[in-house]
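Have the coordinates open as you read.

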Amino acid sequence: MIEKILVANRGEIALRVMRTCKALGIKSVAVFSDEDRNSLHVKKADESYHIGEAAPARSYLNQNRILDAIKKSGADAVHPGYGFLSENDEFATLCERNNINFIGPTAVSMNLCGDKMRCKSAMLDAGVPTVPGSPGLVKDADEAADIAVEIGYPVLLKSVYGGGGRGIRLVNNDSELRNSFESVTGESIAAVGKSAILVEKFLQRTRHIEYQMARDADGNGVHLFERECSIQRRNQKLIEQTPSPVVDAETRERVGDLVVKASEAVDYSNLGTAEFLRAETGEFYFIEINARLQVEHPITEMVSGLDLVKLQIDIANGEPLPFTQSDLHLNGYAIECRINAEDTFLNFAPSTGVVPQVVLPHGPGVRCDTYLYPDCTVSPFYDSLMAKLCTWGETFEQSRTRMMVALDDFYISGVQTSIPLYKSILNTPEYMDGALSTDFLQRYDIINRHRQDLKRESQELAVPALAAVALKGRHYTSSIKPAKSPGWGDL
């Protein structure tokens with residue numbers, strides 16, 4: 001049985017894993033870079049080890065240094081979190097060779113999931129529908145152009161080794177395709193050191209809907225319902241919710257059966273996510289498996305009542321799933337907002353620096369996973385995600401209203417954040433009506449509408465300086481009305 005887990009990650013996900021470790025009586029080990037010496041995950045762990053410089057390649061992506069930390073600490077298992085080495089089959093292999101329990105799928109399964117072409121072939125063999133496109137890898141731009149003409153523009157050029165929105169280009173004609181082919185190739189090589197390109201039909205007005213899946217070592221598999229992840233920018237998710245407003249009970253069961261087939265097709269074990277595009281006509285098309293815990297896993301926990309990290313650890317311990325599909329039931333509605341350190345008026349440019357003050361939201365049905373504390377630093381070396389704000393309600397409207405209150409109560413100083421944008425989005429009639437799509441921001445001109453929201457709010461408060469700031473395309477990191485919250489006047 002696992003007694004000590006090294007968390008090969010940082011920030012809020014490291015803290016999240018450690019929280020479950022503590023509840024289970026399992027010791028936790030942190031690793032940290034020069035940049036993260038004073039980070040909260042280092043303070044909360046039972047022990048911690050320095051693994052290098054701030055740059056990820058010299059620390060959190062350095063497999064040998066992490067392996068050394070595992071051996072020094074005596075940890076018998078490693079949890080990779082998400083990002084960094086979480087879907088690196090070489091690291092999973094390294095752990096297996098050193099008799100370290102990697103809390104995730106096997107290296108072989110991870111390798112298959114990470115190869116989009118082989119994974120797509122496995123899905124077709126299993127009867128799981130995929131997006132129309134190239135039957136295999138395309139060797140050059142000429143072949144890609146021939147396939148694009150055959151299936152019809154617009155198409156996506158996708159790196160087999162891409163992920164998280166990287167290595168993808170939308171092209172509308174032959175000229176764009178040829179210009180983008182080299183860009184996608186270079187982006188893939190820069191990210192993972194290798195490249196292979198496929199072509200897929202671009203589906204208009206799609207929804208991004210994913211299913212949480214779990215499968216034990218004995219081959220027992222279930223799905224843990226869907227998450228709607230359609231509100232995005234540059235293929236990066238911003239707001240997620242569950243259940244999806246367009247998935248009824250029959251669809252949930254039908255697509256859920258496909259998810260279980262997908263997990264069997266790649267001999268998956270532990271937790272993962274099967275991602276789909278839903279066309280306007282209602283068809284679901286499989287796009288990939290994320291072989292790790294997802295950023296948005298808390299909202300699944302809120303509607304299922306499960307601790308997904310505990311479930312991961314139990315499966316890694318060789319325990320069978322403690323339930324069948326019929327035992328699982330959706331309870332209520334949950335929404336997650338990814339609180340990013342970004343300037344939404346400057347093309348979501350990262351915003352970094354010291355956070356002198358932070359006030360976290362609380363209340364019934366409110367959960368906030370974060371690494372923030374007063375005087376902490378948002379680093380330019382890592383992802384801009386600072387917190388995951390989640391709310392639960394018996395109805396969608398209760399969950400949405402709780403989120404609006406929580407966003408209003410969330411105060412972060414020192415850096416720009418996505419909080420004001422989310423308040424604008426959640427107040428749009430399109431969001432409230434469930435009219436979601438992956439082009440939501442562009443389709444409904446959200447950024448300009450958000451700018452007008454800030455202008456109107458500042459004018460209502462009769463604060464000309466704030467109105468001028470809003471007109472210039474800047475925004476404040478939290479509510480423009482901090483005096484509403486007791487104690488904020490002292491910050």
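Which residues of H9 are buried?

## Helix H9

They are Thr-251, Arg-252, Val-255, Gly-256, Leu-258, Val-259, Val-260, Ala-262 and Ser-263, where buried means under 20% relative accessible area with a 1.4 Å probe, protein chains only. Their cover includes helix H6 (116-126) along with S9, S10, S12 and S13. Helices (H or I, at least four residues) and strands (E, at least two) are DSSP runs, numbered from the N terminus.

H9 covers residues 249-265, and its end C-alpha atoms sit 24 Å apart, which agrees with the 24 Å that 17 residues should span at 1.5 Å a residue; the expected span is 1.5 Å times one less than the number of residues. Just past H9, Asp-267 takes a positive phi of about 50 degrees.

## The sheet

Eight strands make an open, antiparallel sheet in the order S13-S12-S9-S10-S11-S14-S21-S19; a pair needs at least two DSSP bridges. S13 (284-290) and S19 (366-370) each have a single partner strand, so one side of each lacks a neighbour in the sheet. The twist averages 25 degrees from one strand to the next.

S12 (residues 270-278) and S13 run antiparallel, joined by six bridges. Thr-273 stands opposite Asn-290 in S13. Helix H11 (residues 308-316) packs on the sheet, touching S9 (207-215), S10 (221-233) and S12, with contact meaning heavy atoms within 4.5 Å. The direction of H11 makes about 125 degrees with that of S12; axes are lines fitted to C-alpha atoms, for helices over the stretch in contact, and angles run from 0 to 180 degrees between N-to-C directions.

## About the model

This is a predicted model: local features need pLDDT of at least 70, side-chain atom pairs count only at pLDDT 80 or more, and totals for chains, interfaces and linings use all residues. Residues are numbered from 1 along each chain as its sequence is written, and side-chain values use heavy atoms, leaving out hydrogens and water.

Definitions and conventions:
Buried < 20%, exposed > 50% of the residue type's maximum accessible area, 1.4 Å probe, protein only.
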